[in-house]
Amino acid sequence: MIVSREITISGIVQGVGFRPYIYRLARLHAIRGGVKNDTRGVQIIAEGDERDVDSFIDAISAEPPPLAFIESLCVAAKEPIGADRFVIEQSREALERTAFIAPDTALCDDCLYELLSVKDRRYQYPFITCTNCGPRFSIVRDIPYDRKNTSMAGFTMCVACSREYADPDDRRFHTQPDTCGECGPAMVFMSASGEVLERAIDRVTQRTVDALRDGAIVAIKGVGGYLLACDAKNDAAVAILRSRKGRPFKPFALMAGSMKRIESFLHVSPVERELLCSRERPIVLLKIKNREVCEGIAPGLSDIGIMLPYAPFQHLLFKEDPDMLQVMTSGNISDEPIVFRDGEAIERLGRIADYFVSYNRAIVAFSDDSVRFVQDEIPCFIRRSRGYVPVPFKSSVVPESILATGGDLKNSFAFSRDGVIILSQFVGDLSTLAGNDVYTETIAHLGRIYAFTPETVISDLHPGYFTTQFADSLEETGLGRLKAQHHHAHIVSVLEDAGREGPVLGIAFDGTGYGTDGKLWGSEFLVADRTHFTRMAHFSYFPLPGGESAIRDVWKIGTALLNDAFGPGHELMRRGREAESVLEIIGKNINSPLTCSIGRLCDGMSSILGIRDRVTAEAEAAQLLEEAALRGSRNARDDGFIIPMHGDGEIEISTTGLVRYCEGLLKRGYSTDETAYRFHAAIVRTTVALAESLRERTGINAVALSGGAFQNRLLLGLSMRGLREKKFDILIPRKIPFNDGCLAVGQVAIAKEILK
Ligand code: ZN
Ligand code: ZN
Ligand code: FE
């Protein structure tokens, strides 16, 4: 019997070779009808013998193309119209726009092979791509995903490319960004002022490699923005890059040409190897095996972030010199968002780079390289951006559409509609005007390509956050308005990530987040579900003299901690007279907000131990304290110390008790390194003991960990081990970061639950 079915598929089904896949399946199963993209995804009309149609439908979900993600597949019966063949139809506008866009994906092996084959017509062509690889998110201006809605719109396909595009048996069948050297964008090598020096690709490649060998800094336009490259083994070049970028400490990421090259100087576990080679190609943090690159790459740190090439031009560079190791760091000035517009590149990076490599296709949506690490064989995120964005998370369904504005540091925002959450790319720090502008533009861009109109907006509680004020401005236009406490959002993000409801015992070890008492929280033990939380315990408050400035001058925190524990004039107080003025500020309670942040506590301890007094990057002092502790862990013995706690309702863990303990260790002759280790061990031991007593009180066995301080892998590793030994059910974020990059997901989940 001849039947007809209308099949509607949503998910990431555009720009991933889905229509050709359906076309081939249809031919295989003798199906007539057609397939087309619409703004909701892909729509298929399948006509044929009932048995054939059924097996065709079964086959669709069985082996979809590698980049596809089927969110839903609906089948409806239709009246057969007597189609005589199967066709790929033109896209059409539908009323709703819920199609998803694929992430940018590393060059596939087939394309790599052609790129390096002298006889191939795309030999050395730096924009080679196919249905299974290449740019997507970064070039989409609108949906449906058709060439005219991408930044490829200005390029007309040549005859040879058109033939491939139209041939269902070609692997470039309906590849929207498909081009060749005849008809597509081209790369140029330019001076720092933008004068074009080379146009032929082999010359562009050669000049770039030569410049890098000579110690120059080259700004290279990549997939999601400009990257700054220099020779990782050239001390002078790395030092110049640091001084021009205004970034004395924060580690630089590297790129190497092969796994073998990476393994020659870094330790790589099987899980880490898998991440490095994945088509998302993130930066992965790896332990140093031998110091081959200069110290300036990651000063004082024992791991290095590295990635493999993902764009064709990067492969060409490493083909030219397979042994080189290149710094590849985001092209920006200090903490501003990555530069991705050509106009801005010369203006903003011209003072940093000696040369530019660029091309004449716009990057519509920026994204930094993603950063990951592996803990206990679990891949974790530090930054979720290129390669992962905008893959949606499945979530519960609420009728209302929600925008979550995230936080002001390491910002990502999120929106939610139907049963999915879309987390934005890493926007970064919103402390600059440039950051604010990019943030609002990015919300507008994602809103446009998904035709997303929020009905409710949720933000952090912090009145000083730009993200809060932005949400306030939307409220004035009539949107529903919700707020979420920072650490509640941290913990709920873990629940959402794990698909759990709670209640859970949440431990948020963090930088700072605005508390319900107006103080700066950051060492929270919460009993939380998706709507409520009770603060069960935290470290006792200490002053942050000078407020934000203490985050740079961490010796001020050290002084405050010592003052709380011993009073003024302690021998470990650094900077005699300056310390006195700090004590005066605290005494008169001038601009000295109270905090219980673990991050700030680590900063202060780093100064007390003489490791770092001033920092240039967030977490710098804490990271170096962790490194000291790692060294100290080798011969440290466990003394069983648990930090004193008091209070029976909301428990306070005595910060002064911890400071006194560490001071005592130093007095008894323990080294800085061993004291640093015992500081960490004491926090963890206390955490586990507290978790046990809270479990006894509440009967809750699940523990969720979040907060930027858990990127301290000693703290994370020891905590997980301690909690595991006590048989806790441990939840850590797997699809989102520990740091504030997770906030928007937590906020969305809280809003959903409230709106239900
Ligand atoms: Zn490919
Ligand atoms: Zn062509
Ligand atoms: Fe936070």
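Buried here means under 20% relative accessible area, exposed over 50% and partly exposed in between (1.4 Å probe, protein chains only). Cys-108 counts as buried on that scale, at 15% relative accessibility. A word on the ground rules: this is a predicted model, in which local features need pLDDT of at least 70 and side-chain atom pairs count only at pLDDT 80 or more, while totals for chains, interfaces and linings use all residues. Residues are numbered from 1 along each chain as its sequence is written, and side-chain values use heavy atoms, with hydrogens and water left out.

Cys-108 touches Cys-130, Cys-133 and Arg-171, leaving aside residues up to four places away in sequence. Contact, or touching, means heavy atoms within 4.5 Å. Asn-132 is 24 residues away along the chain, yet its C-alpha atom is 6.9 Å from that of Cys-108.

| Residue | Where it lies | Relative accessible area |
|---|---|---|
| Arg-600 | helix H17 (residues 598-608) | 3% |
| Ser-654 | loop between S29 (651-653) and H19 (655-667) | 8% |

What does the side chain of Arg-600 make a polar contact with? Its partner is the side chain of Asp-603, at 2.9 Å. A polar contact is a pair of N or O atoms within 3.5 Å; within protein, one must be able to donate a hydrogen and the other to accept it, and residues adjacent in sequence count only if both atoms are side-chain atoms. Not counting residues up to four places away in sequence, Arg-600 also touches several others, including Phe-542, Leu-544, Ile-551 and Glu-618.

As for Ser-654, a polar atom of its side chain lies 2.8 Å from the backbone nitrogen of Gly-657. Beyond four places in sequence, Ser-654 touches Ser-540, Ile-643, Pro-644 and His-646.

Now for the bigger pieces. The domain assignment gives domain 1 (2-88), domain 2 (101-373), domain 3 (374-497 + 740-755) and domain 4 (510-530 + 536-731); such bounds come from an automatic or database domain assignment.

Helix H1 (residues 18-28) is mostly covered, with eight of its eleven residues buried. Among them are Phe-18, Tyr-21, Ile-22 and Leu-25. The cover over these buried residues includes strand S1 (2-12), strand S2 (32-38), helix H2 (50-62) and S4. Just after H1, Ala-30 takes a positive phi of about 55 degrees.

**Where domain 1 meets domain 3**

The C-alpha centres of domain 1 and domain 3 are 34 Å apart. Four residues of domain 1 are in contact with four residues of domain 3. Together the two domains bury about 350 Å², 74% of it on carbon and sulfur atoms. That buried area is the accessible area (1.4 Å probe) that two parts lose on being put together, summed over both. On the domain 1 side, Ile-12, Phe-69 and Glu-71 lose the most area, together 95% of what that side buries.

How many salt bridges link domain 1 and domain 3? The count is zero, where a salt bridge would be a side-chain nitrogen of Lys or Arg within 4 Å of a carboxyl oxygen of Asp or Glu. Strand S4 (residues 69-78) supplies the largest share of the domain 1 side, three residues.

Definitions and conventions: Chains are lettered from A and ligands numbered from 1 in the order in which they are written. Helices (H or I, at least four residues) and strands (E, at least two) are DSSP runs, numbered from the N terminus.
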